[in-house]
Amino acid sequence: MTALAWLGTLIVLPAVGAPLLARPAFGGFAPVTRAILSGGVGATLLTFVLTLFALAHLPWRAAPVAVTAALLAWALGAPVRATAASPEPERLGRAALLAACLSAVCVLAALASTLAGAATSVDLFYFWGPKAQQFALARGVDIAFLADPLHDYMHAYYPPLVAGIDALSTIVAGRFSWTAATLTFPILLGALAAGLPGVLRGAAPRRSAAVGSALAVAALAVIGIRANIAGNGDMPLLFFETLAMALLMRRDSEGAAVQLVAGLLLAGGAAAKVEGLAYALAAAAIFLVLRRRNAAGSIRTAARLLLPTAAMLGAWFAFGLTRQLFRDYSEYGRFFVLHLEFLRRVPTAMATALAGTGRGLPYLVPLLCLFAAGRPSRAALLPLGTAFALVLFFWFTYLHLSTDPSEWIAWSAPRVLMPVVMLLALAPCAPAGEAATRDTSGPSPG
Amino acid sequence: MPLLGAALLTALALWSLPWREGLGRPRTLVDRSTARQLAPGYRLLIRAAAVIPEKASFVTRTEPPDPNFETWYFRLGVAFLPGRRALPASDFGRFTPPGTWREAEYLVLIGARPNEAPGELVLDAPDGTVWRRRSPS
């Protein structure tokens, strides 16, 4: 029963995001897509409000936090005028139907694996779960708990989304549910399977959108099961990053409405895991370069895409600084003090780690599909450039360890490189031709 | 081609399921994961939560002593016994000085029962024992 109550609380997430996504500007999205985007926006805004409450010494209580976040969603949507385009109605073809069935099987496989205790992340027990549990008991970020030297493995500086949302569910359910926490893996994978094709429909025909989604979902299912990600921050991160990228790949991504939601989802990713910040910066920068807008337009776009991330992490670091808990993202070495003696070993160890996960197939298959699709369109440079930036980021990150990072890479690379796989799977869905990337004089029609 | 790739990866997802061990309800959430070696301590610590009172301190040890397992079990103890004070016998794979956990009121011992009782036995389970320790002299 605790697990059901704990998971039931997650229904509040789409409800919180609904005041934004229910606006007519988003009428072009199918209801299920809107609900799933609402869930992502709701989780981001709830986390932001939880952080503000913690900063202001206000105790976390479900109702005030949820109402404040929903009001914020409503206020953010008030200036939105441009609408997301409605794709042309298209018959559900055989390929799209088959792709949907494959996605459903993958979600069921992830569910079965999780329920069988075969996909559980040990990090759930080491820090994600204990932090959430303790935050729920303390009705806020428990400073004494995180500052205790015996708990220095808890990564006090890790951004607040997963522990915060899990804590909120724990407050409502009355206690933490380990089983429910692991089930967030198949649930979020299912949400992607249901919502992603609808978002990608703005970038590609129905068949391509469905098949690209199925490829991404299948690759994430395989790696998620084999690398044991159930209950940790990887699946929430992937949920935000995937939907944000799909939005930015749409033909109507020039519009304020789409950019605002994409920016909120990028902020959700940055609040889920440290590498979400690198993803947000890379995706936003490449988007701006590809769009070639005038200065004012670029500034407005950059603000929509990155201000939510800046606000979220600004609040989190303000909390860390004022409570003398953390100052930056550094743990595995001093920032920019690189150990170049491992320059070659890092990519070798990364390749070895990937090859050991499903014989490398979940990484190779999307890559082969990309090659088979022919020369990528200019718009495909957005997912591909972001993937390249992420690989460089992890290479750079692994070089910070003063000792041989091979072991660290062996247990982390298969998981942390999952967004790269997802980006490779989505790239062929990018619209062909210049229309998708050229500057337009105003918000997109529709 | 992408549809073929998705089909291949779907088959791989199904192949990744623990068919040989069965898909039935596991005793712990790590029973069929890569962390399955932690299952005995997982089971004992869950049961220990019923006999170690709120605010009490405890240390988790293994028999024979193993600094890696004791590090992991310390962390599981923090997770499964909220409201108690978990003290580490090992940290990051190295034994801590005994003074770190000398004051622990309870001992969770995973593995064989010791020849000499370290205190009052409060739980005897297949995966180990829990003891209320004698006050340190």
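1. What share of the 446 residues in chain A is buried? Buried residues come to 60% of chain A, where buried means 20 or more other C-beta atoms within 10 Å of a residue's own, exposed means 12 or fewer, partly exposed lies in between, and C-beta atoms are placed from the backbone.

2. A word on the source: this is a predicted model, in which local features need pLDDT of at least 70, side-chain atom pairs count only at pLDDT 80 or more, and totals for chains, interfaces and linings use all residues. Residues are numbered from 1 along each chain as its sequence is written, while chains are lettered from A and ligands numbered from 1 in the order in which they are written.

3. Chain A has 19 helices and zero strands (DSSP runs numbered from the N terminus: helices are H or I with at least four residues, strands E with at least two). Its radius of gyration is 21 Å, close to the 22 Å from the globule rule for 446 residues, so chain A is as compact as a globular protein of that length. That radius is taken over C-alpha atoms, and the rule is 2.2 Å times the number of residues to the power 0.38.

4. Leu7(A) sits in helix 1 (residues 2-8) of chain A. Leu7(A) counts as partly exposed because it has 18 C-beta neighbours inside 10 Å. Leaving out residues up to four places away in sequence, Leu7(A) touches Ala180(A) and Leu183(A); contact means C-beta atoms, placed from the backbone, within 7 Å.

5. Now to chain B, where Leu29(B) lies in the loop between helix 1 (2-15) and helix 2. Leu29(B) is buried, with 27 other C-beta atoms within 10 Å. Beyond its neighbours within four places in sequence, Leu29(B) has contacts that include Trp178(A) and Thr179(A).

6. Chain B also holds an open sheet of five strands in the order 2-1-5-7-6, with mixed pairing (two strands pair if DSSP finds at least two bridges between them). Strand 2 (85-87) and strand 6 (119-125) of chain B are at the edges with a single partner strand each, so one side of each has no neighbour in the sheet. Strand 1 (residues 57-63) and strand 2 of chain B pair in the parallel sense over three bridges, and Val59(B) has Leu87(B) as its bridge partner in strand 2. Helix 3 (residues 67-80) of chain B packs on the sheet, touching strand 1, strand 2 and strand 5.

Notes
Contact = placed C-beta atoms within 7 Å. Axes fitted to C-alpha atoms, helices over the stretch in contact; angles between N-to-C directions.
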